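Please keep the sequence and the structure in view while following it.

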Protein chains: 2
Amino acid sequence: MKTKPVETRAGRGDRVRISDLAEALGLTKGTVSRALNDYPDISEATRRRVAGAAQRMGYRPLATAQAIRTGRVRAVGLVMQLEQHDSQRPFLADFLRGISTAAGSEGWTLTVATAQSEAEGLETFRRIVADRKADGFILPRTKVRDPRIDLLRDRRVPFVLYGRTGNPEGCAWFDILGEDAMSEAVIRLADHGHRRIAFLNGATRFNYSALRARGFRDGMAAAGLVADPDLMLSGVVSVDEGEAAARRLLALPEPPTAILCALDTAALGVYRAAAALGLDLGRDLSLIGYDGIPEAAAVTPTLTSFEVDQAEAGARLARLLIERCRGASAEDLRETAHARLRIGGTDGPPAQDSAGLAAKITQKRNETRGRQP
Amino acid sequence: MKTKPVETRAGRGDRVRISDLAEALGLTKGTVSRALNDYPDISEATRRRVAGAAQRMGYRPLATAQAIRTGRVRAVGLVMQLEQHDSQRPFLADFLRGISTAAGSEGWTLTVATAQSEAEGLETFRRIVADRKADGFILPRTKVRDPRIDLLRDRRVPFVLYGRTGNPEGCAWFDILGEDAMSEAVIRLADHGHRRIAFLNGATRFNYSALRARGFRDGMAAAGLVADPDLMLSGVVSVDEGEAAARRLLALPEPPTAILCALDTAALGVYRAAAALGLDLGRDLSLIGYDGIPEAAAVTPTLTSFEVDQAEAGARLARLLIERCRGASAEDLRETAHARLRIGGTDGPPAQDSAGLAAKITQKRNETRGRQP
DNA sequence: ACCCTTGCCGAAACCGGTTTCGGAGACAAT
DNA sequence: ATTGTCTCCGAAACCGGTTTCGGCAAGGGT
């Protein structure tokens with residue numbers, strides 16, 4: 001039954017072991033180990049001597065060997081729960097690059113797993129921890145109430161959120177201030193002269209949704225405008241949902257002259273609705289999105305949107321997690337950054353006010369109706 | 001200096017160790033180990049007894065502990081060398097999902113690293129092997145002559161190509177038959193009535209380019225058409241390059257009525273060129289791409305293109321690599337699959353032949369010129 | 001009845017580290 | 001000079017497995 005494995009000569013390879021180091025220094029490997037791990041019972045002199053020799057001889061402890069005693073393998077874990085409409089998808093490569101380079105510079109590696117469902121995801125965490133394939137996790141796409149957090153907090157497994165969450169106790173995180181972006185967008189639209197501004201929010205189970213909604217409201221207040229509840233929809237994620245929502249909004253007696261979307265995918269749906277109604281994006285209807293997905297730059301006119309440096313996010317998350325694994329307290333490991341506005345062609349001064357827009361829409365609709373039968 | 005690490009109680013956790021198993025069976029752990037690893041000096045009876053107990057007690061060997069003796073950690077490695085224009089990028093999530101689920105079902109995990117340059121990539125391989133973070137590698141985007149292959153082959157590290165290569169000796173692989181797709185596309189265009197068909201190929205250093213070019217030629221031959229060298233360009237990768245190439249082709253005395261692109265990104269550039277010349281895609285000019293990137297479905301008309309099941313590709317690659325690590329010979333581990341045509345709105349019978357198209361282009365150009373000054 | 005295989009398993013070394021324990025030596029205090 | 005404390009390192013156990021080696025018992029041949 002046993003087939004001969006491929007000869008991996010890496011086995012006896014040129015690695016310097018701790019015993020080599022010890023021998024070269026005239027010490028025992030136990031002493032060398034303690035010196036390298038900053039045990040207090042090692043004199044400063046030998047500590048330096050050992051560190052120097054380790055450096056010179058290129059000694060790097062074998063993580064798998066350390067792990068059997070310490071249980072720590074110097075690997076950050078990432079469990080991706082892929083959903084159909086995941087705005088992070090296009091940026092996954094950048095995100096992973098950020099994580100793996102930051103981790104690599106500390107001698108850590110990245111272990112990736114995927115899950116189709118939440119339950120499977122939790123099981124995956126358990127497995128990876130039990131198998132010692134990672135020392136901690138980066139948790140992307142945090143929810144307001146997130147079972148992953150409960151699980152890991154309960155098991156005392158280190159983790160860092162990409163995003164914030166409802167109960168932040170014991171959580172370290174890095175997050176983009178989506179609320180600031182939404183607020184900035186509203187003020188920009190108000191400066192253009194828009195007074196009726198709609199907001200298409202994402203799925204409310206994700207934590208960012210509440211924040212972006214708050215940012216929208218804050219921006220409206222700052223601009224001296226009223227946030228009409230009829231113009232605030234949530235759960236608008238896919239292109240189709242975006243189109244449907246926009247159609248509904250534009251059929252109102254007092255339609256918005258600008259739509260702000262928490263997700264670019266929804267914004268792409270607005271393109272369709274505008275095209276169907278014969279509206280000019282950027283003139284008849286202004287539109288601002290969030291994420292900066294590639295499709296938004298490929299379409300005409302290009303979408304005004306907020307882009308996030310996902311590589312930077314990954315790098316900072318990795319560094320935070322490593323610090324956390326080394327024992328830093330979660331409360332000291334909380335960072336944020338801003339999204340950057342990428343100006344496209346979909347926002348500008350309104351060609352007419354809400355009433356004018358309503359009239360135009362009615363007129364267009366009648367034209368179309370007239371042509372059809 | 002030493003900060004207290006986060007208490008990971010996974011350490012003493014509920015894991016059943018091999019010694020637990022041995023004790024329960026009244027055997028020594030050495031015997032149990034040999035039984036589980038199919039050593040020939042274990043009776044079939046005890047082998048079964050051990051396997052049964054392992055199953056029942058939920059014993060799973062700790063990979064990191066095994067690794068220190070065997071050097072094998074049950075992890076597949078993936079080093080992504082990210083380039084600016086990587087058509088795989090949008091599919092990375094699916095690809096990773098395929099790999100990690102297939103690997104997971106065998107108890108393996110996935111270690112991911114990234115590199116900015118070829119040299120850094122090679123160094124990364126060395127590091128991962130030396131640190132025993134992976135037992136073998138999946139090599140995406142193979143080149144005709146690929147230094148990664150030389151390195152790994154030389155060090156006898158198992159690997160599997162995603163793609164084929166110039167010197168296949170000792171290489172296992174999985175690949176999509178891009179040549180068949182190109183050939184199919186040509187025949188489709190010929191069936192539409194096209195006679196002058198152009199081909200925009202990708203970067204020639206990648207192995208797929210030669211294959212797709214061959215597929216184009218084979219398709220032309222099969223359709224009874226001549227492949228005009230003036231209509232075959234290569235190194236056309238980005239949207240800008242695609243646009244420039246299309247402009248050049250359409251300025252020829254006998255322009256093509258159809259363009260086949262080895263990459264969707266290039267095809268997106270053709271959209272721009274067609275728009276600039278006032279040509280109707282699907283009527284004046286037919287266009288077929290390859291990859292099925294999301295932008296190609298977002299644009300109007302949608303691009304006729306070939307899509308690849310990247311999750312399936314990842315899964316098969318993972319399985320092949322695991323087999324390879326278990327000792328299967330590379331020559332027995334070579335699989336292929338087909339891309340699937342996704343019909344869009346960019347291909348159809350030509351509205352006019354090449355001469356007619358040339359006339360139309362000249363006319364449009366004069367119109368534009370007349371308007372401009 | 002004797003020797004020689006052969007099959008099968010226990011004992012122990014080993015992999016490359018970490019961690020505990022104890023003791024040698026330096027130095028200060030009595 | 002003796003005792004006590006403190007510093008610093010060696011020795012050895014340990015982590016959870018794998019692999020080598022040797023030997024016992026059963027079976028086979030003469």
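Predicted model: local features only at pLDDT ≥ 70, side-chain atom pairs only at ≥ 80, totals over all residues.

Q: How should I read the crossing of H1(A) and H3(A), and at what angle do the axes cross?
A: Helices (H or I, at least four residues) and strands (E, at least two) are DSSP runs, numbered from the N terminus. Axes are lines fitted to C-alpha atoms, for helices over the stretch in contact, and angles run from 0 to 180 degrees between N-to-C directions. Angles under 35 degrees count as roughly parallel, over 145 as roughly antiparallel, 65 to 115 as roughly perpendicular and the rest as oblique. In chain A, the axes of helix H1 (residues 18-25) and helix H3 (residues 44-57) come within 10 Å and cross at roughly 120°, and H1(A) and H3(A) are therefore oblique to each other. H1(A) passes H3(A) in a right-handed crossing; a crossing is right-handed if the near helix is turned clockwise from the far one by less than a right angle, and left-handed if anticlockwise.

Q: Which residues of H1(A) and H3(A) meet?
A: Two residues are in contact if their C-beta atoms, placed from the backbone, lie within 7 Å. From H1(A), A:Leu21, A:Ala24 and A:Leu25 meet A:Arg49, A:Val50, A:Ala53, A:Ala54 and A:Met57 of H3(A). This contact holds 7 nonpolar, no polar and 1 charged residues, where Ala, Val, Leu, Ile, Met, Phe, Trp, Tyr, Cys and Pro count as nonpolar, Asp, Glu, Lys and Arg as charged, and the others, Gly among them, as polar.

Q: How do H6(A) and H7(A) lie to each other, roughly parallel or roughly antiparallel?
A: The axes of helix H6 (residues 118-130) and helix H7 (residues 147-155) of chain A come within 10 Å and cross at roughly 25°, which makes H6(A) roughly parallel to H7(A). Among the residues that meet are A:Leu122 and A:Phe125 in H6(A) and A:Leu151 and A:Leu152 in H7(A), and the contact as a whole has 6 nonpolar, 1 polar and 3 charged residues.

Q: Which residues come nearest to DNA strand D and DNA strand C?
A: A residue is near a molecule or strand if its C-beta atom, placed from the backbone, lies within 6 Å of it. Of the 25 residues around DNA strand D, A:Gly30, A:Thr31, B:Ile18, B:Gly30 and B:Ser33 come nearest, and helix H2 (29-36) and helix H4 (63-70) of both chain A and chain B each give two or more residues to that surface. Around DNA strand C there are 25 residues, of which A:Ile18, A:Gly30, A:Ser33, B:Gly30 and B:Thr31 come nearest. By class, the surface near DNA strand D has 9 nonpolar, 10 polar and 6 charged residues, and the surface near DNA strand C has 9 nonpolar, 10 polar and 6 charged residues.

Q: In what order do the strands of the 12-stranded sheet run?
A: Strands of a sheet pair through backbone hydrogen bonds, either parallel or antiparallel. Two strands pair if DSSP finds at least two bridges between them. The open sheet of 12 strands has the order S11(A)-S5(A)-S4(A)-S3(A)-S1(A)-S2(A)-S2(B)-S1(B)-S3(B)-S4(B)-S5(B)-S11(B), with mixed pairing. Strand S11 (334-337) of chain A and strand S11 (334-337) of chain B stand at the edges, each with a single partner strand, so one side of each is left without a neighbour in the sheet. Strand S5 (residues 172-176) of chain B pairs with S11(B) in the parallel sense over 4 bridges, and the bridge partner of B:Ile176 in S11(B) is B:Ala337.

Notes: Residues numbered from 1 in each chain as written. Chains lettered and ligands numbered in written order.
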